[in-house]
Amino acid sequence: MLDADFFRRWLTTATASVGREAERLTALDSAIGDADHGSNLQRGFTAVATALEKETPDTPGGVLILAGRQLISTVGGASGPLYGTLLRRTGKALGDAAEVGEEELAAALRAGVEAVMTLGGAAPGDKTMIDALVPAVDALGTGFAAARAAAEEGAAATIPLRARKGRASYLGERSVGHQDPGATSSALLIAALAETAEADGE
Amino acid sequence: MSEGGPVGIVLVSHSAQVAAAVAELAKGLAGGAAEVPVAPAGGTEGGGIGTSAELISAAAASVDRGAGVAVLTDLGSAVLTVKALLAEGDELPEGTRLVDAPFVEGAVAAVVTAAAGADLDAVEAAAAEAYSYRKV
């Protein structure tokens, strides 16, 4: 079972990954976006880590809702409301349970991903974070390692796609040949989840 | 007519200058709209290009006179941030609405309509109708 501390460690691990990969995310974003994805997410996740040190919600849902709210209020780019909605909706779906199982997490994360699709209007194949998240959620039933692999494959599979959402969509054909920064950061988030589970021996 | 005071208008742009200038333009074109509360929420808190949830929340609170608040946005994160704040439930004043409208033309229509004492539905309709104004 996964408790509030597991979710706190997931987000702390994600904060470290985002910090480590911020330059790469911004480099990907400078090819087809506005070159702020790494720094925006780094600011957001740093705020998440700080908030989780100050407040200590005692449920998985509480941790994710607090984190989601921080991302919405601190990121300053589209990734803020998108990742904020992902975490907040996932947290709301987990409700007040003190511990949740992997299946419950998979179902909640699916609700979160669906909320992101509704908010941003993106579907699989649009070259967005959805292209990493949907395969990850589909694979999560098989395990955390499978979800991580699926997210990474999904992110890599955005390279030949033409962007249909966000600023990159204005580039049309010129967006082809670049890995989507949002799909890349989504894969980092799922990889952080798998790392946290591995460290736990889940 | 709206209940209580006029409908409040919030203008959210990636740029602080754009939001402030469109607010000034809309009020200027509305003539006697001095009493319509219009607040720009542009850029990030640090003055950069982007969207600030804090600035949007503060702007909405500052224009709320009890008759609702119409929020107009430019694009991308401005739209998504307002939608995410509305989904939150308690971040924006009751009766706050994201209005689907072109930013400049919609802002002018919204301010003029609010100045005439119209309610939120009418302000929203006037702003949205600005999409049908063809230039060619």
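1. A:Lys127 is found in the loop between α5 (102-120) and α6 (130-140) of chain A; helices here are DSSP runs of H or I with at least four residues, strands are runs of E with at least two, and both are numbered from the N terminus. The phi angle of A:Lys127 is positive, about 70°, although the residue is not a glycine. A:Lys127 counts as buried because 28 C-beta neighbours lie inside 10 Å. A residue is termed buried if 20 or more other C-beta atoms lie within 10 Å of its own, exposed if 12 or fewer, and partly exposed in between, with C-beta atoms placed from the backbone.

2. The model is a predicted one, in which local features need pLDDT of at least 70 and side-chain atom pairs count only at pLDDT 80 or more, while totals for chains, interfaces and linings use all residues. Residues are numbered from 1 along each chain as its sequence is written, and chains are lettered from A and ligands numbered from 1 in the order in which they are written.

3. A:Ala35 also deserves a check of its backbone. This residue lies in the loop between α1 and α2 (37-54) of chain A. With 15 C-beta neighbours inside 10 Å, A:Ala35 counts as partly exposed.

4. In chain A, the axes of helix α1 (residues 4-32) and helix α8 (residues 181-200) come within 8 Å and cross at roughly 145°. Axes are lines fitted to C-alpha atoms, for helices over the stretch in contact, and angles run from 0 to 180 degrees between N-to-C directions. The crossing of α1(A) past α8(A) is right-handed, the term for a near helix turned clockwise from the far one by less than a right angle, left-handed being anticlockwise. Among the residues making the contact are A:Phe6, A:Trp10 and A:Leu25 of α1(A) and A:Leu188, A:Leu189 and A:Leu193 of α8(A); two residues are in contact if their C-beta atoms, placed from the backbone, lie within 7 Å. By class, this contact has 12 nonpolar, 5 polar and 5 charged residues. Ala, Val, Leu, Ile, Met, Phe, Trp, Tyr, Cys and Pro count as nonpolar, Asp, Glu, Lys and Arg as charged, and the others, Gly among them, as polar.

5. Chain B has 5 helices and 4 strands, and along the sequence they follow the pattern β-α-β-α-β-α-β-α-α. The radius of gyration of chain B is 13 Å, close to the 14 Å that the globule rule gives for 136 residues, so the chain is as compact as a globular protein of that length. The radius is taken over C-alpha atoms, and the rule is 2.2 Å times the number of residues to the power 0.38. Buried residues make up 56% of the 136 residues in chain B.

6. The 4 strands of chain B form an open, parallel sheet in the order β2-β1-β3-β4; two strands pair if DSSP finds at least two bridges between them. β2 (38-42) and β4 (96-98) of chain B stand at the edges with a single partner strand each, so one side of each is left without a neighbour in the sheet. Neighbouring strands of this sheet are turned by 20° against each other on average, direction ignored.

7. β3(B) is joined to β1(B) by 5 bridges and to β4(B) by 3 bridges. The bridge partner of B:Leu11 in β3(B) is B:Leu72, and B:Val69 stands opposite B:Thr96 in β4(B). B:Val69, B:Val71 and B:Thr73 point one way from β3(B), B:Ala70 and B:Leu72 point the other way, and all are buried.

8. B:Val108 lies in helix α4 (residues 103-115) of chain B. B:Val108 is buried, with 22 other C-beta atoms within 10 Å. Leaving aside neighbours within four places in sequence, B:Val108 is in contact with B:Leu25, B:Ala26 and B:Leu29. B:Val108 and B:Ala127 are 19 residues apart in sequence and 7.8 Å apart in space, C-alpha to C-alpha.

9. Between the chains, 13 residues of chain B are in contact with 14 residues of chain A. On the chain B side, α2 (53-63) and α3 (77-88) each supply at least two residues, and the largest share, 6 residues, comes from α3(B). By class, that side has 4 nonpolar, 7 polar and 2 charged residues.
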